[in-house]
Amino acid sequence: MMGDRDFRTTIKNAIDSIGRELEIPIDADDFKTINLIEVVQCLRRSYYDRTDPKEIERRGFNDLLSGLLRKLEYGCEPKEFSIDDVKLKGHADMVVDDNVVLFRASQTTPDSPHAEDLLYLNACLWIYDKTDGMIIYITSDREEFTFSLTRNKKMFEEVVRRVRVLSDLLKEQKTPILEPSQNCLDCQYYQRCFIKKASSKQLSLGEMLGMSREN
Ligand code: SF4
């Protein structure tokens with residue numbers, strides 16, 4: 001009989017492998033193509049994802065929602081937007097009646113949309129050349145909460161600025177600055193950013209023997 005621990009490991013492995021299948025593919029060496037998901041989250045995280053990646057810990061099937069919807073027949077195809085010689089690649093979940101629609105899982109009842117989801121939706125409105133869009137949050141109790149947005153130029157200009165910054169830093173192999181936020185708590189690079197390695201001096205066998213004689 002399968003033990004509780006094995007059962008959990010099996011589910012975790014299943015979620016991880018489905019998650020890998022659904023991930024938006026990113027060519028780590030193509031600094032001239034930046035994916036929208038990379039610039040709405042912390043740039044440092046996106047830089048590490050390309051240069052020295054560590055697998056993300058997925059919490060459950062809810063985390064796979066958006067990727068699963070994109071794969072369905074009414075899911076959207078990705079689209080590119082040119083920013084000088086850099087391409088910004090966006091991938092909305094759906095376009096319904098000229099509205100861009102994003103689906104996101106939420107652990108709790110959302111009072112307002114998350115900043116990165118708003119940036120993502122707004123950028124999709126420019127990339128897909130649409131005026132209106134909505135984000136639908138689905139909670140684990142299967143409740144839905146919808147927020148609407150009309151496209152905003154200033155918000156998109158901020159995304160464009162971040163695209164240029166990330167592309168330049170990747171080219172110059174410079175790590176972006178920390179962008180501390182609530183998201184750091186779930187970030188797979190938390191230790192790299194915030195925990196300093198204790199400085200330790202390696203002692204030779206001779207030094208250790210000398211110390212024990214003195215004592
Ligand atoms: S821990 Fe925070 S600052 Fe560091 S990469 Fe992750 S999100 Fe960015």
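Which elements do the buried residues of helix 3 pack against? Keep that question in mind; the tour returns to helix 3.

**Before you start**

This is a predicted model: local features need pLDDT of at least 70, side-chain atom pairs count only at pLDDT 80 or more, and totals for chains, interfaces and linings use all residues. Residues are numbered from 1 along each chain as its sequence is written.

**The whole chain**

Show the chain as a cartoon. It has eight helices and seven strands. Helices (H or I, at least four residues) and strands (E, at least two) are DSSP runs, numbered from the N terminus. Of the 215 residues in the chain, 21% are buried. A residue is buried if 20 or more other C-beta atoms lie within 10 Å of its own, exposed if 12 or fewer, and partly exposed in between; C-beta atoms are placed from the backbone. Now think about contacts. Two residues are in contact if their C-beta atoms, placed from the backbone, lie within 7 Å. Among contacts between residues at least 6 apart in sequence, 70% join residues at least 24 apart.

**Stop 1**

Two strands pair if DSSP finds at least two bridges between them. Axes are lines fitted to C-alpha atoms, for helices over the stretch in contact, and angles run from 0 to 180 degrees between N-to-C directions.

Zoom in on strand 4 (residues 94–96) and strand 5 (residues 99–106). They run antiparallel and are joined by three bridges. Find Val96; Asn99 in strand 5 stands opposite. The two strands make a hairpin with two residues between them. Click on Asp97 in the turn: its phi is positive, about 50°.

Strand 5 and strand 6 pair in the parallel sense over eight bridges. Look for Val100, whose bridge partner in strand 6 is Gly133. Then go to Ser106, which stands opposite Thr139 in strand 6. Trace the chain from strand 5 through helix 5 to strand 6: this β-α-β crossover is right-handed. With the strands pointing away from the viewer, a right-handed path from the first strand over the helix to the second runs clockwise.

**Stop 2**

Select strands 1, 2 and 3. This open sheet has the order 1-3-2, with mixed pairing. Its edge strands are strand 1 (33–35) and strand 2, each pairing on one side only. Strand 2 and strand 3 pair in the antiparallel sense over five bridges. Pick Phe81; its bridge partner in strand 3 is Leu88. Helix 5 packs on this sheet too, touching strand 2 and strand 3, and its direction makes about 110° with that of strand 3. Helix 6 also packs here, touching strand 1, strand 2 and strand 3, at about 120° to strand 3.

**Stop 3**

Most residues other than glycine have a negative phi. What is the phi of Asp84? It is near 55°, a positive value. Asp84 sits in the loop between strand 2 (79–83) and strand 3 (86–90). Asp84 counts as exposed because it has 10 C-beta neighbours inside 10 Å. Move to Asp129, which also has a positive phi, about 55°. Asp129 is in the loop between helix 5 (115–127) and strand 6 (132–139). With 11 C-beta neighbours inside 10 Å, Asp129 counts as exposed.

**Stop 4**

Select helix 3. Its buried residues are Leu43, Arg44, Arg45 and Ser46. They pack against helix 2 (36–40), helix 6 (153–172) and helix 7. That settles the opening question.

Now show the ligand. Its shell includes Cys42, Arg44, Arg45, Cys184, Cys187 and Cys193.

Conventions. A residue is near a molecule or strand if its C-beta atom, placed from the backbone, lies within 6 Å of it.
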